[in-house]
Amino acid sequence: MSAVALDPKAHVLRLLARREYSRAELRDRLTRAGYGAEQIDSTLDGLAREGWQDDARYAEMLGRTRLRQGHGPLRLRRDLARAGVDPEQMSIPQADWLIQARAALHKRFGDAPAENRREWERRARFLAGRGFTSELIRLVLDGDPDGY
């Protein structure tokens, strides 16, 4: 692409001024903008050294956002993997996923328990779609012996 107006560092800094990005997301953006592979790698290496881009910080930001949105650990891991961040290398935010699942269920369905098997399955599908494990779903829908 011959119409590259900014140097790649300026391009990335404009992106990072709005929100955090993973290295893989920035690589993709720069590639689509027409920058060469060597230029992209050197730019991203320099920005990481200078502290402008950090996958751990990106993972932390994404974790906080997903928690605030009522999502579970599976959704967070999937979103990190999609962004090119190895979830096994990152520290997933510590959360009480049982409380998180209960809050999501309460927000959507209120306090009333499921009246029948069909409604139980509907609620289970909702929680699964939010990224909660089957174990957490069973605890929330069948009741936790330790209480809330």
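Select Arg117 and Trp120. Arg117 lies over the face of Trp120, at 4.5 Å from the ring centre. Keep in mind that this is a predicted model.

Now select Arg19 and Tyr21. Here the charged end of Arg19 sits over the ring of Tyr21. The distance to the ring centre is 3.8 Å.

Next come two aromatic rings. A pair of this kind is described by the distance of the centres and the angle of the planes. How many aromatic pairs does the structure hold? It holds 1. To see it, select Phe109 and Phe126. Their ring centres are 5.5 Å apart and their planes stand at 85°, so the pair is edge-to-face. Angles over 60 degrees count as edge-to-face. Colour the helices as well. Phe109 belongs to helix H6 and Phe126 to helix H7, so the pair ties together parts 17 residues apart in sequence. Are these two residues buried or exposed? Both Phe109 and Phe126 are buried.

Last stop: the largest pocket. Its volume is about 240 Å³. Select Leu105, Gly110, Asp111, Ala112 and Val140, the closest to the pocket's centre of the 14 residues that line it. Then show helix H6 (97–109), helix H7 (117–129) and helix H8 (134–142). Each supplies at least two residues of the lining. Which helix gives the most? H6 does, with 3 residues.

Finish by colouring the lining of the largest pocket by residue type. You will find 7 nonpolar, 3 polar and 4 charged residues.

Terms used: Residues are numbered from 1 along each chain as its sequence is written. This is a predicted model: local features need pLDDT of at least 70, side-chain atom pairs count only at pLDDT 80 or more; totals for chains, interfaces and linings use all residues. Side-chain values use heavy atoms; hydrogens and water are left out. On a 1 Å grid over the protein atoms alone, a cavity is a set of points where a 1.4 Å probe fits but cannot get out, and a pocket is an open set with protein on both sides within 12 Å along at least five of seven lines; lining residues have an atom within 4 Å of a point. Grid points are joined across faces, edges and corners, and a volume is the space filled by probe spheres set on the points. Helices (H or I, at least four residues) and strands (E, at least two) are DSSP runs, numbered from the N terminus. Ala, Val, Leu, Ile, Met, Phe, Trp, Tyr, Cys and Pro count as nonpolar, Asp, Glu, Lys and Arg as charged, and the others, Gly among them, as polar. Rings of Phe, Tyr and Trp (its six-membered ring) pair if their centres lie within 6.5 Å; planes under 30 degrees apart count as stacked, over 60 as edge-to-face and the rest as tilted. Buried means under 20% relative accessible area, exposed over 50%, partly exposed in between (1.4 Å probe, protein chains only). A charge sits over a ring if NZ of Lys or CZ of Arg is within 6 Å of the ring centre and within 35 degrees of the ring normal.
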